[in-house]
Each structure stands twice: as structure tokens, then as C-alpha cells.
Amino acid sequence: MKRLLLLPLMAIMVMVHAQDKLVVNADLGTTTINKHIYGHFAEHLGACIYGGFYVGENNTKIPNKDGVRLDIIEALKKLKVPNLRWPGGCFADTYHWKDGIGPKASRPSMLNIWWGNVTENNSFGTHEFLNMCQQIGAEPYLSGNVGSGTVAELDEWVKYVNHPAGSSPMPLLREKNGHKEPWNVKFWGVGNEAWGCGGHMQAEYYANIYRQYTTFMSGTKDARLFRIASGASDGDYHWTEVLMRDIPRNLVDGLALHHYSIIDWSKKGSAKDFTEEQYFKIMKSATQMEELVTRHSTIMDKYDPKKQVALVVDEWGGWYEVEPGSNPSFLFQQNTMRDAMIAGVTLNIFNNHADRVRMANLAQTINVLQSVILTNEEKMILTPTYHVMEMYNVHQDATLLPIDLKSGDYQFGNEKLQAVSASASKDKNGKIHISLVNIDPAKQHEVSVDIRGVNASSATGRILVSPKIQDHNSFQDPNKIAPKEFKGFQQQGNSLKVTLPAGSVVVIEI
Ligand code: AHR
């Protein structure tokens with residue numbers, strides 16, 4: 001008899017224990033989530049620039065301003081893109097910026113050796129990029145050529161775009177090319193993947209080269225330079241250790257890190273036709289960002305306890321096989337709810353590490369890897385990743401609120417991952433935003449949210465979800481996936497009972 005009574009009680013206890021719990025400390029935040037965490041990346045690769053952003057001034061079929069698609073400008077304005085990295089990537093260390101200025105007819109061509117050996121005619125160069133950033137309202141982030149360039153070349157690029165009119169030959173050349181006033185570009189990458197396509201250098205060698213290049217990059221009173229050293233790939237902690245040890249603090253403002261969510265470089269799997277096993281592996285790789293950011297930050301803390309140098313994750317996202325029939329060098333891939341999960345969990349990680357991660361760039365904006373926009377001639381679609389970035393832009397420059405999260409597992413075979421991820425912030429108007437992701441593709445998760453430290457007013461929410469994790473928008477069905485009003489929660493004062501559907505991203509506003 002006793003046993004019979006005990007069993008249901010235990011079952012209830014297990015159910016309650018299994019419920020996920022989130023405490024949001026609404027009165028405790030001190031760190032700002034730098035809006036630059038929500039940055040993007042545009043490389044001369046496949047159809048990112050040509051056929052993506054830029055369709056040419058003489059295009060009469062696609063509405064454009066100075067050759068840049070107007071529908072794309074509008075979409076990116078809505079996204080509140082804070083910064084845009086250009087021209088690469090690997091391309092950056094082959095790029096000679098002087099080839100991309102002056103009358104287009106006389107600009108020399110080159111072979112794009114990293115991305116399919118296609119001819120680059122340099123019709124989209126410095127002026128086109130910087131003017132486009134102004135249209136979008138994004139700050140430019142220029143990646144300098146260290147691998148095959150020279151110190152003088154990078155020094156002159158800085159002068160060309162930043163130095164006051166009439167002050168020296170480079171600003172005079174800029175004026176001759178139709179732009180009298182400087183653009184005042186703050187963000188500068190000093191090489192890219194110096195350990196790989198940027199020159200296959202060793203950390204010690206690159207640290208010295210970096211010191212040399214940055215010595216001659218001159219800021220102005222209107223544009224203090226924010227110099228970003230080419231950083232580690234994934235878990236290469238030696239790279240971070242050496243750069244932090246060997247580069248003096250006054251020469252560096254940011255240290256990069258690249259991490260792609262990938263199954264296996266030799267077997268990447270389809271972007272949209274994938275199994276749950278492949279899904280799990282990608283989630284494992286995406287959530288590894290937590291460990292990477294934590295461990296690189298720990299090394300940085302050792303040399304820079306005041307956290308003056310930012311960790312800049314200037315390439316991240318999912319990387320799969322290209323779409324069947326497309327050029328393998330162009331890295332064109334579809335974008336599904338799986339990518340929405342990558343975006344949601346990654347941005348939560350960045351938010352929660354906002355003290356050190358102060359800039360990041362999703363790879364890449366249009367038609368390449370985990371894009372926010374795909375184009376096909378005059379058609380354009382917004383991907384699930386776009387929608388997550390748009391839902392999360394409420395966190396830009398808001399105060400990070402410390403959270404305490406206990407989540408159940410997403411179990412696959414003998415392996416498991418934390419199912420729910422979250423981050424929270426308070427914006428300038430006092431609004432609190434909580435972003436929640438449930439990566440479990442089959443089970444909903446109940447999360448009891450306790451907002452402490454304020455009197456919570458009534459909450460509203462938005463959700464991105466679709467019946468299958470493989471679902472995506474297409475040119476035939478462009479709005480299959482879009483954010484909707486979220487009604488799956490009950491509020492009682494400062495407590496919310498939230499039901500997160502399988503494979504969903506939710507942002508709650510209070
Ligand atoms: O984003 C595609 C490529 O990935 C970049 O050019 C390079 O930096 C990285 O290896």
C-alpha cells in the first residue's frame with residue numbers, strides 16, 4: 001500500500017525536477033552587449049558581392065542605387081547591421097585595393113585564386129563598398145592584405161579612406177576619384193587566417209609581422225583605429241597565447257577567432273536534406289562556441305585582466321555541401337531551421353560573454369555559407385537566420401542581465417546536449433528581452449522563468465518555428481518561415497511558464 005502511494009508521488013517529483021528553470025536577474029546587469037556582436041561579412045566569393053549585393057549600375061531589371069540592390073539595402077537596414085566586414089576572408093590577402101579605385105574601365109582584372117579562379121574585374125572596390133555601408137547604416141570593417149601585400153600598401157589604404165582632404169597624396173587621390181571627405185573607417189583587420197590562407201605563418205612570426213604593420217597604420221582625430229589581429233581557428237589556444245604574449249597592448253584592440261559549425265571537412269552533408277544524426281553533430285559543433293569563447297577568454301584574461309582587447313569572432317556559422325549543381329567553389333547553400341538554431345544558440349553565447357566578445361561576423365551575408373539573404377536574379381528571400389538576427393537585434397547595446405539557467409537535455413543515442421539556451425538584456429527604455437532556444441527537434445520544453453529584481457509588466461513574445469527542422473524558405477515559397485506572435489506562455493506577476501516548441505527560437509519582451 002505504501003509503495004503504491006509513493007510511486008505517483010515520485011513520478012510527480014521527477015516531472016517537476018525535469019522542468020527547465022530560468023532566473024533573470026533584472027537588477028544586476030553591468031555589461032553592455034556591444035551591437036557589433038551582430039555584424040556581418042561580405043567576401044568576393046561566389047555570388048556574395050557580384051550577383052548578391054552588387055548588380056551593376058547599368059542593370060535595368062533590378063532596382064539599384066549605384067549598382068547596389070535596393071531590396072537588399074532595405075532588408076539589411078531592418079536587420080540593423082552594425083558592421084560589415086570586407087573584402088575577405090581568404091580573398092583579402094590577395095586583394096590590392098588600388099586595383100579597385102578610379103574609372104572602372106581602367107581597373108585591372110585578377111584571378112580570384114581562392115574561390116574558383118574566376119575573373120575579378122574590380123568593379124566593386126573601396127568607394128563602392130564604403131558608400132554601400134553608408135546606405136545600409138553599417139560601419140565598415142576593412143580586412144587588410146598582409147599575406148601578399150606590403151606595409152606601405154596597408155598604410156596607404158588607411159590614409160586613402162581616413163586622412164583629411166588635401167593632407168597628403170592618398171587623400172588627394174581619393175578626391176580625384178570623387179570623394180573629398182574621408183570615410184573615417186574605424187575597424188581594420190590586419191590579415192586574415194594568417195595560420196592558413198593568409199600566409200601559413202606560425203604564431204610567433206605573425207605576431208612580429210602584426211607589430212610591424214600596425215606601427216604604420218595611422219589613426220586620425222576623427223578615426224581612431226580599432227586594429228584586429230588575425231586570430232585562432234577553433235581550439236588553437238597556442239595561437240591566442242602567443243599573440244596575447246607578444247603583441248603590446250597599445251598595438252591591438254581586438255583578437256579574432258574563427259569557428260564554423262561543421263560535421264567533418266571531408267563529409268559536410270547537405271544543407272537541407274540531413275538526418276537527425278547530422279543535425280545533432282552540427283548542434284554539438286555550434287554549442288562548442290561556449291567552450292571556445294570561455295577558453296580563449298581565459299588566456300586573454302591572463303595577459304589582459306582589464307579586458308581591453310576584444311575577442312572578435314569575425315567568422316562563424318554553419319558550413320555544408322553546396323547546393324547540387326552549383327559551383328563547389330562558390331559555397332552556395334540553403335538555410336533551414338537548423339541554421340536558425342545555430343544562430344540562436346551562438347548569439348546567446350556571445351551575449352552572455354559580452355564582457356570579452358565585443359564584435360562578431362556571421363559568414364556570410366548573401367549567397368555564401370550561412371546567409372541571411374539568398375538571391376536568384378531579381379528574386380530575393382530572407383532565410384530563417386535572417387529572422388533570428390532580426391528578432392535578436394533588441395539586444396544590441398542593451399545591458400546584459402545575468403541569468404541562471406537549468407535546462408534538460410536533448411538526447412541523441414548515447415550523447416546529449418543542453419536543450420535550452422537563453423540570454424537576457426535590458427534596453428535603454430527599460431524593456432527586458434529574453435531570448436530562448438530549444439534545439440531539441442522532437443520535444444517541447446517547459447521553462448519556468450523567474451524575473452527577479454523588478455516588477456514585471458505584461459509580456460509579449462515572438463517565435464520562429466516550423467514543423468520540421470529541415471524546413472526553409474525558397475524562391476517558390478519565400479515566406480514559409482517567418483516570426484509569428486508567441487502565445488505559448490502564462491504570466492503571473494514575475495513568473496512566466498513558457499512552453500518552447502521543438503526546434504524553436506523565442507524572444508519575450510517585458
Ligand atoms: O568564409 C569562407 C572562408 O572561410 C573565408 O574566406 C576564410 O577566412 C575562412 O576559411
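N335 belongs to the loop that runs between β12 (310-318) and α9 (337-352); helices (H or I, at least four residues) and strands (E, at least two) are DSSP runs, numbered from the N terminus. The model is predicted, with local features needing pLDDT of at least 70 and side-chain atom pairs pLDDT 80 or more, while totals for chains, interfaces and linings use all residues. Residues are numbered from 1 along each chain as its sequence is written, and side-chain values use heavy atoms, without hydrogens and water.

**Exercise 1.** Work out whether N335 is buried or exposed, and which side chain its own side chain meets in a polar contact.

*Solution.* Start with accessibility: N335 is buried because its relative accessibility is 0% (buried is under 20%, exposed over 50%, partly exposed in between; 1.4 Å probe, protein chains only). Next, look for polar partners: the N335 side chain makes a polar contact with the side chain of T385 at 2.9 Å (a pair of N or O atoms within 3.5 Å; within protein, one must be able to donate a hydrogen and the other to accept it, and residues adjacent in sequence count only if both atoms are side-chain atoms). Finally, a polar atom of the N335 side chain lies 3.0 Å from the backbone oxygen of S371.
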